[in-house]
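Please look over the sequence and the three-dimensional structure shown here before reading on. The report that comes after them is written for a reader who is new to such descriptions.

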Amino acid sequence: MKSTEKSARPASMNPKKVNPAFERRSNNAAKTAKSARPDTFGSSPMAYKASKKKTLPIIMGIITLLILGGILYFILTQTNLLQSKSTSENISEDITSNQTNIVDLQSSSKSDDGDNTAEESASIQEEDPNSPAARAKAKGLPTPPDININDWQYVLVNSEHTIDENFVPEIGIATSLSTSTEQDKRILEDMDAFIKNTEAQGLEVYLSSGYRSYETQKYLFEVKCTEYDYETAATIVAIPGTSEHQTGLCCDITDIERSPKNAELENTDTYKWMSAHCQNYGFIVRYPKNKEAITKIIYEPWHFRYVGKEAATYIMENDLCLEEFVELYV
């Protein structure tokens, strides 16, 4: 039975015997095929690693160059901006400097022109024998101030230059600690300073007489004529219409009430201080000593007249009376 079952097994169930020579050929063909298969990453893993090692430094080098280039570009850009800003500032400074120089040159030119004009004017005046400068030079006096002698403060009132009996100035009130007077309103500011600064020295200021109307002057003259002859009276009290008091530009100032007034008043402390400083406030001693032949009025160390600071300084420093000053201009 056993032999029958064995012989009845299908042929497919029997293992085939392979020719050893054929088996060796098959193995060799497989190896050859395997060795001939293309390698996606190179000929071998070692070759890939070698290629990677060569490529990586190149890439890093390129990246480094790009970074360095960017940094260099940034530095150059900022440097150019700073240089441009500096150049702009320098240009601005140059423009400002040039503008300043132009202004200085213009100012210098104007100053030079002004100096030249003043010098030319003085030269022309000296060449004209009737100019104030030439007249002053002829008398041995310095060049007088450049003024308009027809202005109100220079008005000359005397026996040869009369004032209308109806003239009345715009009146204001001048005051000291003890007295007050009526004056031309235009002189009050300087007169007030004159009085206050005199009193600040501890001196008494008595305002005896300021503005007088034509009628008041007429009355005073007539009274004086009862004491003296006409001509003598006229040297003591001005004839009506020839008195400065009617202008309101003068004032009789003493230390205390004094009647009659005389030359002894020059010895009072009030007069000494006021006569030494009057020009600082625009006043002069109107009828000074040794000028009686010109003024036709006796020496009055109490009669102060306003002419403005410029004229007052020239008059007092050169020992002139108002007639002599006006004569330089007319």
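The sections below move from the whole chain to selected residues.

## Basis of the description

This is a predicted model, in which local features need pLDDT of at least 70 and side-chain atom pairs count only at pLDDT 80 or more, while totals for chains, interfaces and linings use all residues. Residues are numbered from 1 along each chain as its sequence is written, and side-chain values use heavy atoms, with hydrogens and water left out.

## The protein as a whole

The protein has 11 helices and six strands, where helices (H or I, at least four residues) and strands (E, at least two) are DSSP runs numbered from the N terminus. Of its 330 residues, 32% are buried, a word that here means under 20% relative accessible area, while exposed means over 50% and partly exposed lies in between (1.4 Å probe, protein chains only).

The accessible surface of the protein comes to about 21900 Å², and 54% of that belongs to carbon and sulfur atoms; such areas come from the Shrake-Rupley method with a 1.4 Å probe, and for residues only the protein chains shown count as cover. Contact means heavy atoms within 4.5 Å, and among contacts between residues at least 6 apart in sequence, 67% join residues at least 24 apart.

## A nonpolar patch on the surface

A nonpolar patch on the surface is formed by Leu56, Ile59, Met60, Ile63, Leu65, Ile67, Leu68, Ile71, Phe74 and Ile75, which together have about 980 Å² of accessible area. Patches are made of residues with over 30% relative accessible area and no salt bridge, with like charges joined within 9 Å and nonpolar side chains (Val, Leu, Ile, Met, Phe, Trp, Tyr) within 5 Å. Ile75 is found in helix 3, which covers residues 45-127, and Ile75 is partly exposed because its relative accessible area is 45%.

## Aromatic pairs

A pair of aromatic rings is described by the distance of the centres and the angle of the planes. Rings of Phe, Tyr and Trp (its six-membered ring) pair if their centres lie within 6.5 Å, and planes under 30 degrees apart count as stacked, over 60 as edge-to-face and the rest as tilted.

A search of the whole structure finds nine aromatic pairs. The rings of Phe194 and Phe304 have centres 5.8 Å apart and planes at 80 degrees, so this pair is edge-to-face. The pair links distant parts of the chain, since Phe194 is in helix 5 and Phe304 is in strand 6 (residues 303-306), 110 residues apart, and both Phe194 and Phe304 are buried. Phe221 and Tyr230 form another edge-to-face pair, with 5.3 Å from centre to centre and 85 degrees between the planes, and Phe221 counts as buried because its relative accessibility is 6%. Ring pairs also link Trp152, Phe194, Tyr271, Tyr281, Phe283, Phe304 and Tyr306 into a cluster.

## Asp190 in helix 5

Asp190 has its place in helix 5 (residues 188-199), and Asp190 counts as buried because its relative accessibility is 19%. Leaving aside neighbours within four places in sequence, Asp190 is in contact with Tyr281, Phe283, Tyr306 and Lys309.

Which side chain makes a polar contact with the side chain of Asp190? The partner is the side chain of Tyr306, at 2.7 Å; a polar contact is a pair of N or O atoms within 3.5 Å, where within protein one must be able to donate a hydrogen and the other to accept it, and residues adjacent in sequence count only if both atoms are side-chain atoms.

## Salt bridges

Side chains of opposite charge can pair when their charged atoms come close. A salt bridge is a side-chain nitrogen of Lys or Arg within 4 Å of a carboxyl oxygen of Asp or Glu, and by this rule the count comes to 13. In one of them, the side chains of Lys196 and Asp192 meet at 2.8 Å, N to O; both residues lie in helix 5, four residues apart, which is about one turn of the helix.

Arg305 forms a salt bridge with Glu244, with the closest N and O atoms 2.5 Å apart. Arg305 lies in strand 6 and Glu244 in the loop between helix 7 (230-236) and strand 4 (250-254), so the pair ties together parts that are 61 residues apart in sequence. Both Arg305 and Glu244 are buried.
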